[in-house]
Amino acid sequence: MDRFSWISSNTQLQAGELLVIQQRGLRIYDGENKTNFDNGNLMLTSHALIWEDEEQQDRRIRLGLELITRTEEHAAGFMKSAKIFLYLNPPLASKDPGPFSSSAFTYIKLSFRSGGHTEFHKLLEQQLQKKAWLQGKPKEVVAPRVHRRGPGIVGIERNLEEKSRATGKTITQAFKDLDALMEKAKEMVALADKFASKIEEKKGSITEDETILFKSYLLSVGISNPVTRETHGSGTTYHKELAKQLEIFLREQLKDAGGMMTLTDVYCRFNRARGMELVSPEDLVNASRQFESLNLPLRLRSFDSGVLVIQSSNHSDEEVIRDTREKLFSNKCLTADELSKILSLSVMLAKERLLVTEKAGKACRDDSVEGSKFYPNFFLETPVE
Amino acid sequence: MATKFEWPWHYKFPPFFTIQQNSDTRARQLDLWCNLVLAYYKHKKMYVFDVNEAQTSSLFFNKEINRKLPIEGINLVLETLQKRGNLEWKDKKGERGYIMWRKPEEWGSLIYQWIKDNAMTGTVCTLFELQHGDDTKNQEFHDIDMWMLKRALETLEVKNKAQMFEGPTPGDDSGLGVKFFS
C-alpha cells in the first residue's frame with residue numbers, strides 16, 4: 001500500500017496515457033488488512049491504476065503499473081467479493097508522498113464489490129504486457145469504456161439493455177458458484193470422513209459437547225452419490241442398491257442409537273443426508289425389506305404395536321431385556337418417558353423396550369390415571385420382603 | 001376377631017391392581033389375588049361375596065397407594081376362584097356367591113373330628129347347636145354359614161358318616177337335626 005502516491009483531482013493524464021477502463025465499488029486491501037480506501041472508482045490507464053473516492057473526488061491515489069510484478073484473480077465466493085491480487089516491487093525512492101509511508105505487505109488486493117473483475121483483470125494484463133509507460137507514445141488507441149447515455153428513447157433502451165445484461169451476468173455468476181459447490185461436495189464428504197476418524201483418535205481431548213456438535217455438522221454433509229431411480233432404474237434393483245447405501249449410512253449412527261432406530265427417524269436422517277434426491281417412504285420400506293436377502297447386517301422389524309424400526313441383526317432382545325430389567329430394579333419403577341431419558345432414546349423406542357421386557361415376563365405394569373408405569377416383575381421374581 | 005388383618009406385600013405393589021398382560025405373570029397375579037381373598041375372608045369369617053360391595057371393599061381398593069382393582073379384574077379373580085373350587089355362585093347373575101376358604105370336605109372332616117373327639121357319634125344334635133352352641137365356641141366352624149354347614153354335612157352323608165333330618169318346623173334350617181355315625 002505504501003507504493004501509492006496522492007494525486008490531485010485535476011491532474012491530467014500523462015502524455016500518451018490513455019484511460020482503459022474504470023470500475024466502481026472498489027475497495028483496496030493493504031495485504032490482508034482493510035484500509036479506508038473502501039468505496040471508490042478505480043481507473044486503469046495505460047500507465048497506472050488510479051483510485052478516487054466515490055464521495056470525495058479529491059481523494060485520489062495512483063499506482064504506477066511498472067510496480068506490478070504479477071496479478072492473480074480470485075473468484076467471488078459466498079459473502080465474498082471477487083478480488084484481484086497485485087504483487088508489487090518495492091517503491092521507488094523518488095516516489096511522491098502517499099497515504100502509507102510503509103507497509104508490511106508486498107501485495108495489495110482489489111476487491112470488486114460491484115463485480116466487473118474479469119474484464120478488468122483481462123485489460124490490466126493486456127496493459128502490463130504492453131508496458132506503455134516505457135514508450136513515449138501509445139501504440140494503440142483504446143477507446144475508453146465509459147458509458148455515455150444518449151438522450152431520448154434510445155437512451156432509455158440502452159439503459160434497459162444494460163440493466164438486463166447486468167442481471168444476466170449476476171445470475172450466471174450465481175450459478176457458477178453453485179456448480180463449484182457441487183464439484184466440491186465429494187471432497188467435502190471425504191474431508192468429513194477424515195474429521196470423523198480424527199475425532200475418534202482424539203477422543204477425550206475434546207469435550208463431549210464439541211463432539212456432538214461436530215457430529216451434527218457431519219450428519220448434514222451427507223451422501224456424495226445418492227442412489228436414485230435415474231442411476232439404478234426402478235423396482236428391485238433400485239431397492240437393493242438403496243438398501244446397500246442405507247446400510248453404509250446407518251452403520252455408525254445405529255451404533256450410537258443403541259442398535260435400533262425407528263423407521264421415521266431413519267427416513268428423516270437419510271433424506272437429510274441425500275439433500276436433493278429424496279426417497280419416498282415406500283421406497284425406504286421396500287429397501288429395508290431387502291436387508292435379509294442381501295445379507296446385510298440390518299433388519300426391518302415390526303413391533304406388536306405396529307411401530308417399524310431398523311435394527312442391527314446382532315441386536316439381541318435378550319440383551320435389551322436384561323438391561324431394561326436392571327434399570328427397573330435400580331430405579332424401582334419407570335415410565336417410558338423416564339427410560340427414554342436414561343437411555344437417550346426416543347420415547348417410542350423406550351416404550352417398546354419396556355413392552356418387550358414385559359412380554360418376556362421381566363417387567364409388570366401399573367396402569368393408572370397417571371399413565372403406565374413399569375415395575376420389576378415381583379410376581380415371578382422374589383421381591384425383597 | 002380383634003387381630004388386625006395383615007396385608008401381604010403385594011397389596012402395596014401397584015402393578016398388583018393392574019391385570020397383567022403377560023400370561024405367566026397374570027396367572028401368578030391371579031393366584032396371589034385368590035390367596036388374598038381367601039385369607040381375608042377367613043380372617044373376617046365371612047362366607048358371602050357380593051360383587052357390588054366388593055368394589056368398595058378395602059380388599060380391592062388400597063386407599064394408601066390409591067389403586068383399585070377394576071371390575072374386570074374382580075370378575076377375573078372370581079372366575080379363577082370358581083375354577084379352583086373356592087367359590088360357588090348363589091344366583092345365576094353372578095353377583096353373589098359363597099367364598100369357600102375351606103372346601104366342604106374340609107369342613108366336614110373338621111366337624112366329624114370334633115364329634116369324635118367329644119364322643120358324640122351316635123347322638124343327634126341340631127345344626128344350630130353346631131353353629132352357635134357354647135361347646136363349639138373355640139372351634140373354627142363356630143358361626144359357620146348355614147349354607148356352608150349344610151354343604152359340609154352333605155359330604156359326610158355321602159361317606160355315610162352323618163344323616164340330616166327335618167326339624168319340627170319345615171323350612172327352618174336351624175331346626176335341622178343331624179346324627180353322626182361312627
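Helices, of at least four residues, and strands, of at least two, are taken here as DSSP runs numbered from the N terminus. On this basis, chain B of the predicted model contains 6 helices and 8 strands. Read from the N terminus, the elements of chain B follow the order α-β-α-β-β-α-β-β-α-β-α-α-β-β. Chain B has 182 residues, of which 25% count as buried. Among its contacts with a separation of 6 or more, 59% are between residues 24 or more positions apart.

Chain A comprises 10 helices and 14 strands. Of its 385 residues, 25% are classed as buried. When contacts between residues at least 6 apart in sequence are considered, 60% of those in chain A join residues at least 24 apart.

The two chains touch each other through 16 residues of chain A and 13 residues of chain B. On the chain B side, helix α1 (residues 23–44) gives the most, with 4 residues. Sorted by class, this side of chain B holds 3 charged, 6 polar and 4 nonpolar residues.

The loop that joins α1 to β1 in chain B contains K45(B). Although K45(B) is not a glycine, its phi is positive, at about 50°. K45(B) counts as partly exposed because 13 C-beta neighbours lie inside 10 Å, whereas 20 or more would be needed for a buried residue and 12 or fewer for an exposed one.

Strand β1 of chain B belongs to an open sheet of 3 strands, arranged in the order β1-β5-β4 with antiparallel pairing. Its edges are formed by β1 (48–50) and β4 (87–89) of chain B, each of which pairs on one side only. On average, and with direction ignored, neighbouring strands of this sheet are turned by 30° against each other. Strands β4(B) and β5(B) run antiparallel and are joined by 3 bridges. Within this pairing, E88(B) has Y98(B) in β5(B) as its bridge partner.

Helix α6 (residues 146–158) of chain B was examined along its length and around its axis. This helix has 13 residues, and the distance from its first C-alpha to its last is 18 Å, close to the 18 Å expected at 1.5 Å a residue. The residues M148(B), L149(B), A152(B), L153(B) and L156(B) of α6(B) are buried. Viewed down the helix axis, the buried residues of α6(B) fall within an arc of 130°, and they therefore line one face of the helix. In general, an α-helix has 3.6 residues a turn, so residues three or four places apart point the same way. The cover over the buried residues of α6(B) includes the strands β5 (96–99), β7 (162–165) and β8 (177–180) of chain B, together with the helices α4 (104–117) and α5 (127–132) of that chain.

Just after α6(B) comes N160(B), which takes a positive phi of about 60°. N160(B) is a residue other than glycine, and it is placed in the loop between α6 and β7 of chain B. With 8 other C-beta atoms within 10 Å, N160(B) is exposed, since 12 or fewer such atoms define that class.

In chain A, an open sheet of 3 strands has the order β10-β12-β11, and its pairing is antiparallel. Strands β10 (260–262) and β11 (298–302) of chain A stand at the edges with a single partner strand each, so that one side of each is left without a neighbour in the sheet. Neighbouring strands here are turned against each other by 25° on average, direction ignored. The antiparallel pairing of β11(A) with strand β12 (residues 308–312) of chain A extends over 5 bridges, and R301(A) stands opposite V309(A) in β12(A). Helix α6 (residues 263–274) of chain A packs on this sheet, where it touches β10 and β12 of chain A. The direction of this helix makes about 85° with that of β10(A).

Another helix of chain A, α5 (residues 236–256), contains E241(A). E241(A) is partly exposed, as 18 other C-beta atoms lie within 10 Å, a number in between the limits of 12 or fewer for exposed residues and 20 or more for buried ones. Although E241(A) and T228(A) are 13 residues apart in sequence, their C-alpha atoms are 9.0 Å apart in space.

Definitions and conventions: Residues numbered from 1 in each chain as written. Chains lettered and ligands numbered in written order. Predicted model: local features only at pLDDT ≥ 70, side-chain atom pairs only at ≥ 80, totals over all residues. Contact = placed C-beta atoms within 7 Å. Nonpolar A, V, L, I, M, F, W, Y, C, P; charged D, E, K, R; others polar. Expected span 1.5 Å × (residues − 1). Arc of directions from axis to C-beta. Pairing = 2+ DSSP bridges. Axes fitted to C-alpha atoms, helices over the stretch in contact; angles between N-to-C directions.
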